[in-house]
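Dear colleague,

Please find below the structure that I am handing over to you. My notes on what was found in it follow directly after.

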2 protein chains.
Amino acid sequence: MHIPPTHPRRESLLIREKLIDGYKNGLVALAGLIAHGRGEAFDYILGEKTIEPAHEALKAAAAALLTAKYPVISVNGNVAALVPREIVELAKTVNAKIEVNLFYRTREREEAIAKWLYKHGASEVLGVGEDASATIPELFSERRRVSPRGILKADVVLVPLEDGDRTEALRKIGKFVIAIDLNPFSRTSRTANITIVDNVVRTMPLLIKYSKSMQSMDKESLRKIVNSFNNNENLSEVVRYILDRLRRIVDQGLVINITKT
Amino acid sequence: MHIPPTHPRRESLLIREKLIDGYKNGLVALAGLIAHGRGEAFDYILGEKTIEPAHEALKAAAAALLTAKYPVISVNGNVAALVPREIVELAKTVNAKIEVNLFYRTREREEAIAKWLYKHGASEVLGVGEDASATIPELFSERRRVSPRGILKADVVLVPLEDGDRTEALRKIGKFVIAIDLNPFSRTSRTANITIVDNVVRTMPLLIKYSKSMQSMDKESLRKIVNSFNNNENLSEVVRYILDRLRRIVDQGLVINITKT
């Protein structure tokens, strides 16, 4: 559909189109569309920009990925639809594995996502079909399946857009979890070791940029950055930012003047 | 899908099912699913209940509909999927026309929605096919089309779930606009004459109830209620409610303790 170039919410509508294309290409689930809408609402509240606490979390995330022994990036349908190129580039930059990991797992969707990632330059995609043969004991049904060469073996797992149950399960089996989540109140945000409260579309290029610029730092300095990051404090800063922003909007008055003809 | 009766988010999940059924029945657009997710997030922030400022807006809306010369209810796919019976009942109560008005207009969807409304008791549905022959000059493409017997002629238009461009356009051509919108910051909320910040599923039965109980009031008293309503003040009250609620959540502490094994 044609979105006028002057539409004030053009960016958001273009992202929405990507999701809809992703659904039509078999990458995204119907429930993924609704989940995307929830993200849109929180992004709206943030002001649709990457705020300072997110930059702090991004630096810590880059440092954690660069010091990891075996980092894995977990990819679901929405992530694949929105940032396929960035997933591949980040994996190359920090030497991470890419694993398909779906809430509503079907063989067709796994394969469509893997094919899509290969098309965008991936050299290896784990978690498809027989490869997802290991299980996380904390979880039920198809959602517990992971790759023994991927998430099961990982020390650090990046989960852009994950559900709370699985984030908790990953923490319980001892993984260091980095989440990207627009909702600072979600269980994922609150249980991850590092949560980047930002839109995955804005934040993935930044995570690549930070990872590249920090690549030459010594491991000791990188570890210090990771250890000095406090996720609870960072989330509190995010919420304070949101509260200040909402308060300012109210103080400025909410009304838009419309010339009545 | 089976949702256990004890599930803490049962209501919200049942509403979601209605939307997904609506998509499968050709009423709801894929973008409508995303828009619904956005609403879910704002409803979550509100605490999923009808708050006091919404009751004030509901009373003003009922008074505006009862004093209108030619009220029209604008119906899109999500509204049709969620509250078809209530749309018909409200139209009968306040003697309003019902008009199908879609952001993503297709003949199939117009007709599916009209059929669905007739099935739920509507005696007339405007805005389908040739009937949507008039245009709103402020808008582009298919989105500008309205019925000359409906929105074009209306003095008061109820838009449950509308986008900002169209709400602004309706105001610019002199319509008195009543909106139902869970996002108090949206352009729709801020440009409408009366905005009910509430979930359409909770609020439509209340709007019917208020309209019925206020039906016997004299026009002068009803007009006073409309004129004394200040949308900007009402939205500010909503935002203050949200701020208080978020502050309380932060004060209770954000962190969830996970036993690391």
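**The sheet of chain A**

Val72(A) stands opposite Lys97(A), a residue of β2(A). Please bear in mind throughout that this is a predicted model. Strand β1 of chain A, residues 71–75, is joined to β2(A) by 4 bridges, and the two run parallel. Helix α5 of chain A, residues 84–94, packs on the sheet and touches β1, β2 and β5 (156–160) of chain A. The direction of helix α5 makes about 170 degrees with that of β1(A).

The sheet of chain A is open and has 5 strands, in the order β2-β1-β5-β6-β7, with parallel pairing. At its edges stand β2 (97–100) and β7 (194–196) of chain A; each has a single partner strand, so one side of each is left without a neighbour in the sheet. From one strand to the next, the twist averages 20 degrees.

**The sheet of chain B**

In chain B, 5 strands form an open sheet with parallel pairing, and their order is β2-β1-β5-β6-β7. The edge positions are taken by β2 (97–100) and β7 (194–196) of chain B, each with a single partner strand, so one side of each has no neighbour in the sheet. The twist here averages 20 degrees from one strand to the next.

Within this sheet, strand β1 (residues 71–75) of chain B runs parallel to strand β5 (residues 156–160) of chain B, and 3 bridges join them. Ile73(B) has Leu158(B) in β5(B) as its bridge partner. As a general point, strands of a sheet pair through backbone hydrogen bonds, either parallel or antiparallel.

**Where the two chains meet**

How many residues of each chain are in contact across the interface? In chain A there are 51, and they are in contact with 50 residues of chain B. The area buried between chain A and chain B is about 4,900 Å², and carbon and sulfur atoms give 72% of that area.

Charged and polar pairs are found here as well. The rule finds 2 salt bridges across the interface of chain A and chain B. One salt bridge is formed by Glu40(B) with Arg38(A), where the closest N and O atoms are 2.7 Å apart. Residue pairs in polar contact between chain A and chain B, with both residues at pLDDT 80 or more, number 5.

Which helices of chain A each supply at least two residues of the side that touches chain B? They are α1 (10–24), α2 (30–46), α7 (164–172), α8 (187–191) and α11 (231–251) of chain A. The largest share of that side, 11 residues, comes from α2(A). By class, the side of chain A that touches chain B has 27 nonpolar, 11 polar and 13 charged residues.

**Salt bridges over all chains**

Over all chains, the structure holds 35 salt bridges. Among them is the one in which the side chains of Glu89(A) and Lys212(A) meet, at 2.5 Å from N to O. This pair links distant parts of the chain, 123 residues apart: Glu89(A) lies in helix α5 of chain A, and Lys212(A) lies in helix α9 (residues 200–214) of chain A. In general, side chains of opposite charge can pair when their charged atoms come close.

With kind regards

Technical notes:
Residues are numbered from 1 along each chain as its sequence is written. Chains are lettered from A and ligands numbered from 1 in the order in which they are written. This is a predicted model: local features need pLDDT of at least 70, side-chain atom pairs count only at pLDDT 80 or more; totals for chains, interfaces and linings use all residues. Side-chain values use heavy atoms; hydrogens and water are left out. Contact means heavy atoms within 4.5 Å. Buried area is the accessible area (1.4 Å probe) that two parts lose on being put together, summed over both. A salt bridge is a side-chain nitrogen of Lys or Arg within 4 Å of a carboxyl oxygen of Asp or Glu. A polar contact is a pair of N or O atoms within 3.5 Å; within protein, one must be able to donate a hydrogen and the other to accept it, and residues adjacent in sequence count only if both atoms are side-chain atoms. Ala, Val, Leu, Ile, Met, Phe, Trp, Tyr, Cys and Pro count as nonpolar, Asp, Glu, Lys and Arg as charged, and the others, Gly among them, as polar. Two strands pair if DSSP finds at least two bridges between them. Axes are lines fitted to C-alpha atoms, for helices over the stretch in contact, and angles run from 0 to 180 degrees between N-to-C directions.
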